[in-house]
Each structure stands twice: as structure tokens, then as C-alpha cells.
Amino acid sequence: MTTHAEPTAVGDHDDHQVGHSEAGVDQAHLGEKAADWVDGRLGIYGLAKANLRKIFPDHWSFMLGEICLYSFIIIILTGVYLTLFFTPSMGEVVYHGSYTPLNGIRMSEAYKSTLDISFDVRGGLLIRQIHHWAAIVFVAAMLVHMMRVFFTGAFRKPREINWLFGFLLLFLGMFDGFMGYSLPDDLLSGTGIRFMEGAILSMPIVGTYIAMFLYGGQFPGNDIIPRFYTIHVLLIPGIMLGLLVAHLILVFYHKHTQFAGPGRTEKNVIGMPLMPVYMAKAGGFFFLVFGVIAMVSAIASVNPIWAYGPYRPDQVSTDAQPDWYMGFSEGLIRIMPGWEIRAFGHTLVLGVFIPLMIFGLVMIVIAAYPFLEGWITGDKREHHILDRPRNAPMRTAFGVAWIAEYGILLVAGGNDLFATHFNLSINTITWACRILFFVGPVIAFTITKRWCIGLQRRDRDKVLHGRETGTIKRLPHGEFIEVHEQLSPEALHTITAHEQFQPMELPAEVDENGVKRKVSLLTKTRARLSQSYFGEAAQIPKPTPEEHAEITSGHGHH
Amino acid sequence: MTSQDNMSEEHLPEAHGAHGGELAVHGDAFADPGLPPHEHRRTDIDEHAAARAERQVAMWFLLSMVATIGFIASYVLFKPGPELKNTVYIFPLGHISKLNFSLGMTLGISLFAIGAGAVHWARTLMSDEEHIAERHPIEASPEVREQVFADFRQGAKESGFGRRKLIRNTMIGAMAMVPLSAVVLFRDLGPLPEKKLDSTEWAKGKRLVNMNTNEPMKASDITVGSLTFAKPEGVEESDEDFQEVIAKAAVMLVRMQPADIKDQTSAEWGYEGVLCYSKICTHVGCPISLYEQQTHHVLCPCHQSTFDLSDGGRVIFGPAGHPLPQLQISVNGDGYLEALGDFSKPVGPGFWERS
């Protein structure tokens, strides 16, 4: 690099000759001039100075967020292509196209144009399938990325707001997916839109009004597809793009979290620079994700709308399933008993309305968790070192319980498939899911918590007594022992680097003057939660350096 | 803000890395040993290995180019469309579109190869030495904080916002009211519900027309054990509002031995054991399509609500909240099945105004 030091008057650069003779220098000089031109107008050097060699830590789980970003980009690219051919209209036409089984059938223009994309536009089917597969991957990756952030405690201060951005992206992504697969107006997705009508109708007082306004009249009307189209291609993606940019800006601004390890502290970040390593790795990873999704779309058919036929409100296919990310809401609706309260000339459709509320609750719980944990710990410090899930047993158990609930609802959402594939009674499966809805998370919670504590105990043993080598040694008096090997200083530090909270204690019931203290219910709740999070039953005290010194200094060595 | 939470601070664990500092006097075995020395990779020290890695990266990029040419060739060579001649048999996928398969694979390879090349390049040839970057607290220093607050107070004072209450209150009022225009604008998204959900196209004297044959039916056309779908006379698929009409008016006809009918009213509403029920599930409105001949149960394929047609459409399993409405039928002078009126209850899912 040539130095370009003197801050002489702007415009001097033309006669600013640097006497180099090697090849390539002229080119570099040109590049520099171009960069100067841009900097003079946009001031990019400040940004570049901070970010060109920005350090990112390395861990496989940090790629999950990248998959979200890349599948989102793939969705936008392919989505723009699809808009060039798709007709978002419910106007009816009679089909005379290359898919002969549907010849002469009445269908909406939306459905017909989707058939044309699939059968008459070269590569149209591929782009449609990439779009759909990428959406499936997108939501899945967001959920798994969120789990990574959750289980490692990366949502703690200062990242709570970014957690909310991520949550909103997941929420919007799910709904945009739902609207997207509803657009072709096929028999399967039309059934989903009908379900949505029923769900809206269940809302007390406002339900019928919202339904009429949304559908532009009675179901199905002529408006829902064009309205969904605008929301699907413009409104929600626009909001998501904004959230995504904010999410990424915050990732850069906060600097990435890292796992504990030698040299890694709360005050630094250790890794490799953006340029060149992560430009190549992350940039390359975009192509890997795109490539894999393209190959999947080449061989695996997704949403073959021609097989379902056009939508008719009086027809339905069996195995009516939403895309996977809507499966848990489908499960909620399937296991709910059909409660209805009829009184004073009104109906309260609890059988549909309660699942609708629980659906919201299941989502809100994710959004709220960082604030709940922050309230329990009372911790106001910044955290940049990630937790190992075992070292936060209550959080981990809570997360696993949530996943268990989600999984049970997913099974319930496909209860008909489980019934037909495993030859079981649908009633039995539904009842099992009803019971598991309450019991499953509790079991998952208990097992996970114990598991975490067991792992903590094992860590403690490893620190104090070393690693089991698998080498059996016979002592002179005949006893067999397994040789334990002390951990390396790096491993010792890594395993013991986490911090352990002490549970919050309530002040004594009476103060020093014998006056009964008023302790609010909120404080009591917080103390109880703190006790369950950090009490004796929730964590194994990590070994102290003194304990370690005592055991390793001679006598305890075996 | 922090002082309100008086019980929190003292229970926080020691600041991170505390055992790195003062405790080290005792020879703390858990102290941070610092970043381990960088270990060189083969490609860092062996020029041959590096040259090989370079060739491997180039091979990936070359493969990508070849695949892109393959993509263009596939686009030109293969025809779109569902016909068998446009498909290729690939085990275990079966017959799949030649065009889709070749385009997807070549596109996939051309993209994947770029990614693989870039990642291989980064992993073998770019420096893998770890660097340390310092973090800086996000919170501003007390001086900056004070300055910001002072600036804000200054600005607020100069605006007179706090002092001139009349301006403040009217402004808040105006700002609160102006979004109302936006809300009002949404009124014309659709009509008001009124009684629209309460009635269907059925009316006294309308004959039942077979959905498949488009012919009016006689009771003798309905056999025991079959499930027949019907629509009101005069409703045609080509009608402008066919979808909305059929979304409420679709019915199904079953016939059972009069002795099998448990509900007396239900039997009277039928004709010689022929019963006519709404096809629209009372849960969330899916069309019911699965009929069990022996038990006279119908099952909604969407959420498995099960109704007993021999017992007035009662819900016997699943999430539906009320029975399937039954349409009162008879035969007219020519012997054709006809409705004796509209449904007595609104069809389909429950809603607030449903009595």
C-alpha cells in the first residue's frame, strides 16, 4: 500500500505522483482515487476503519443467523422473479393450458398463473420451488438461531432489543410464509384461508366485522388474494428488511458474543477479521446455502398445487396440513375441546378463541423471556461471554420445555398423518396430545434441569480430579485404578469461567425495631423465582481455586 | 433507576475474571492462561500444500463456470410442461421434470462451487491468526450523559413546552385525533356483517341439485351408505358469486334405515330416511367429506371434528362446538327432493352474534 499521507488540498490528487515502477501500482492508485472520490462525498473511511478488519469470533453455531440472512435474500430474489409472472386476481377463468388434467376447469387467475409458472415458464417451477424451500429454511433457521441465542444467554444486556428485533422477524416471517403459500389459491391453501376466517369469527364482538373487512364481504369474496399479495410482497418484507438491517447494525455495534476460553474476556473479542476471512467465509456461505436450496428444489417437489386443484369452498383434500411453521397453531386448534358458551343471544367460541390466545402467548413468552430473567437476576451489567447451557439450568430447562410444547403441538397438528402412517386411532393420539400439552413440558423441564445439574457435577469432578484417561493401572498391592489426567490450564479456565449467582433473600420479616416489614407480592415472587434459579437445588457450586490447589497438591492424587 | 432495586447488587457474583487478578498470588489454577500461541497449518509452511490448495480453489471456481454453461444449455435443450416425454426417471425420485432437474442441479452446483471455493480459500490460504479487539462500554460517560440532559433541558426550556400548557394540550389533542382519519378510511374494506352470516341460498321449494350431475334428485337416487353432495337449484358454477354462495349452501345427503335415526326431530326433517346436513364444519368451516357408513359418522378432514348424522349432527369428537345444522327437506309434486326453508341455524363456525 502506498502511503497517501499529506492532507493537501482536495483535488491535488491528479498531480500527486508516487514514483513507483512495479506493475499493479497504477491500478491500486486508481482504486485509491475512486475510494477518495466516494469518501469525499459519503465519508466512508470512518466506517471502513472500524469495520474492514472487524473481528468476529468463530463458532459453528454463529452460522445459524447467517442462514436466516441468506435464505431471506434468496426469497427476495426469487420472489421478485415470481411477481413478473404471477397474477394476484380471484377473477375466474377456464383453464386451457399445458396441464391437461385440469383442462376446462374453472379457476382463479391466481391459480392459473401459478400453473403457468410451473408448466410454461422455463425455470419457473424451479424458482417457485426455491422460493418455497427457502421460506421453509428461513423460518426453521430463525427458530434454531433463536434457540442458540437463548440457550447461550446471548440475549442478556446489551442485546435485549436485538432479541426483540429477531423475535419480530420470526413472527413476521411465519405470517408472510402463510400468506405466500395462500396466494396460489389452490384447494389446500384456500382451506387455510377458510380456517383463518373461522379463527377471526371466533373473536368476541369484533370477529364478524374484521372478517367482513378483511375478505371484503362474505368468504371467500374477490379481495383476499390481491390484499394478501400486497401485504406479502410489499408491506411485511418492507418491515422485515428494516428490522433485518437494524438487527445487523446492532450485531456490528455490540460486537459478537464469544464463548469463554483462554484469552477471552468480557472486555475483548477474539477472532478473525472481516476482510478477508469472513468476507470469504460468510460470502461463500451465501453461495453454499443458495446452492443447496437450488439442488433440493431440483429434486424435491414442494407445494405441487396442480395436484390439489383450484380452491372451492365446498371441496377439500385429506391430509390438509399447513407448512411446518404453522403446524403448532394447527395442533392447538386440533386438540382443543369444542367449548362454546351460548348466552344472551351471543356465542363465545372458546374452542377456537382459546387456541388463538395461546398461540399469541406461546410467541409472547419468547419475546418476554430476557426481561423476565433480567428482573430475576437484577443483573445490570453487560454480558459478552456466552453461557454453556448447563450452567444456566433453569433457563435451559425452560427453553427445552418450550421446545417440547412446540413439538407436541406439531405432532398434534399432524395427528391425522400419525394416525394413518402408524395405524393408530386418531382419538387416542388427540387425547395423548391433550394430556401431553400439560404434562410434556413439565417432564421436559425436570429432565433437562437434572441433566444440567448432572453435567455441572461432572464438570466439577473433571476440574478437581482430572479427565478419565481410560488407562487402567495396577497398583503393587493388586488394586486396579483408572489413571486420571489433570486438565490443561486452558480447559481448567474454560470450564470454571462462568459466574454463579446467589439467590436473592428476602429481608427479615420484622426489622430491627420489631416492626413488621411490608414485602410486596412482586418482591416475594421475585425472591422465590431467584431461589429456584440459583438456590441449592439449581446449581452445583463450582470448585474454587483453593479446593483445586488442596486436592492437586500431593495427597489427593489418584 | 438502579437505586430502587436495593436488594439486587450485593447478590451479584464477582465481576468476571476476578480470579485472574489478585487471587493469582496463590497460584490460581483457573486463571486465564491467555491466548494460546498460533499453530501454523500445513499450507502456511509448505509451499507445495499451498499451491495444491490454490489449485483446489480454482477447480471449484472452474466447476462453477462449467455448471453455469450447463444451466444455459439445459434452458435451451429441455422443454417445460408436465408431459411424460419431458420427464426423466431418477431413482429413487421417480419421474421428475428434465428441465427442472437439470436447471436446479446446474444452478445449485454453480452456486455451491463458488461457496466451496471461497470457504476453502479462507480456510487454507488466508491467515487464520486470531486477533484481539477491545470492547468499549456502550453506556456514555457521565459527562456526556450530563451534557445530553443539559441540552435537552435547554431545548425544552426554549420551546416553552412545559410552560405553555395551552399549546401542549392542543398539540397532543391534534396529534391524537389525526390518525382517526386513517382509521375511518378503512371502513370501506368490506360491508358490515349485519345478518349476512345467518342465512344461506336455501329457501322453501328450492330443489336439491346433485353437485356432480347437476340434476335434481329423487329420494330413490340416494342409497343407503352413500354420501351425496348437493347445491340449491339455480346455483351454477359459472355464477359471479358461486364461491360465496356455495361456501354456505353446500349440503350433503345421506340415507339411513329410519330405525337407525336416534333423533326424532332429525328424522322428521328428513324424507324417508334421507337426511340433509350442512357440509360446512361448525368448527372453522372446512367442508366435511369423510363418511363412515356403518356408524353414520362424518369426519372433517381438517381438524377431525366428528359428527353423528344419525343423532341430529351431534359432535361426538374433536374441536367443533355445536352440531351440524340440518336442512328440512321433503319431495315436491314431481317427486324431487326440495328444501322446506333455509337452515334454522347459521351454518359454519360459531361467531359472537350467533344465538
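Residues are numbered from 1 along each chain as its sequence is written, and chains are lettered from A and ligands numbered from 1 in the order in which they are written. Because the model is predicted, local features need pLDDT of at least 70 and side-chain atom pairs count only at pLDDT 80 or more, while totals for chains, interfaces and linings use all residues; side-chain values use heavy atoms, with hydrogens and water left out.

**Chain A**

Chain A has 558 residues, and 50% of them count as buried (under 20% relative accessible area, with exposed meaning over 50% and partly exposed in between; 1.4 Å probe, protein chains only). Its C-alpha trace spans about 90 × 85 × 65 Å along the principal axes. The secondary structure amounts to 19 helices and 10 strands; these are DSSP runs, helices being H or I with at least four residues and strands being E with at least two, numbered from the N terminus. Of the contacts in chain A with a separation of 6 or more, 74% join residues 24 or more positions apart (contact means heavy atoms within 4.5 Å).

A nonpolar surface patch of about 790 Å² is formed by A:Trp431, A:Ile435, A:Phe438, A:Val439, A:Ile443, A:Ile447 and A:Trp451. Patch residues have over 30% relative accessible area and no salt bridge; like charges are joined within 9 Å, and nonpolar side chains (Val, Leu, Ile, Met, Phe, Trp, Tyr) within 5 Å. A:Phe438 sits in helix α16, residues 426-465 of chain A, and is exposed at 62% relative accessible area.

**Chain B and the interface**

UniProt, in an unreviewed entry, places "transmembrane region" at residues 57-78 and 99-122 of chain B; such annotations may be inferred rather than shown by experiment, feature names are shortened, and positions follow the numbering used here. In the model, residues 57-78 of chain B are 95% helix, with end C-alpha atoms 31 Å apart, and residues 99-122 of chain B are 100% helix, with ends 34 Å apart. The unreviewed UniProt entry also lists "domain: Rieske" at residues 243-338 of chain B, a span that is 14% helix and 31% strand.

Where do the chains meet? In the model, 134 residues of chain A are in contact with 109 residues of chain B. Together the chains bury about 10100 Å², 64% of it on carbon and sulfur atoms (accessible area, 1.4 Å probe, lost when two parts are put together, summed over both). On the chain A side, A:Arg122, A:Phe213 and A:Asp314 lose the most area to chain B, together 7% of what that side buries.

**Salt bridges**

Side chains of opposite charge can pair when their charged atoms come close. A salt bridge here is a side-chain nitrogen of Lys or Arg within 4 Å of a carboxyl oxygen of Asp or Glu. Some examples follow.

| Pair | N to O distance |
|---|---|
| A:Arg312 and B:Glu237 | 3.2 Å |
| A:Asp223 and A:Arg227 | 3.6 Å |
| B:Lys206 and B:Glu201 | 3.8 Å |

B:Lys206 is partly exposed at 22%, and B:Glu201 is partly exposed at 34%. Elsewhere, salt bridges with shared partners join A:Arg156, A:Glu373, A:Asp387 and A:Arg395 into one network.

Definitions and conventions:
Accessible areas come from the Shrake-Rupley method with a 1.4 Å probe; for residues, only the protein chains shown count as cover.
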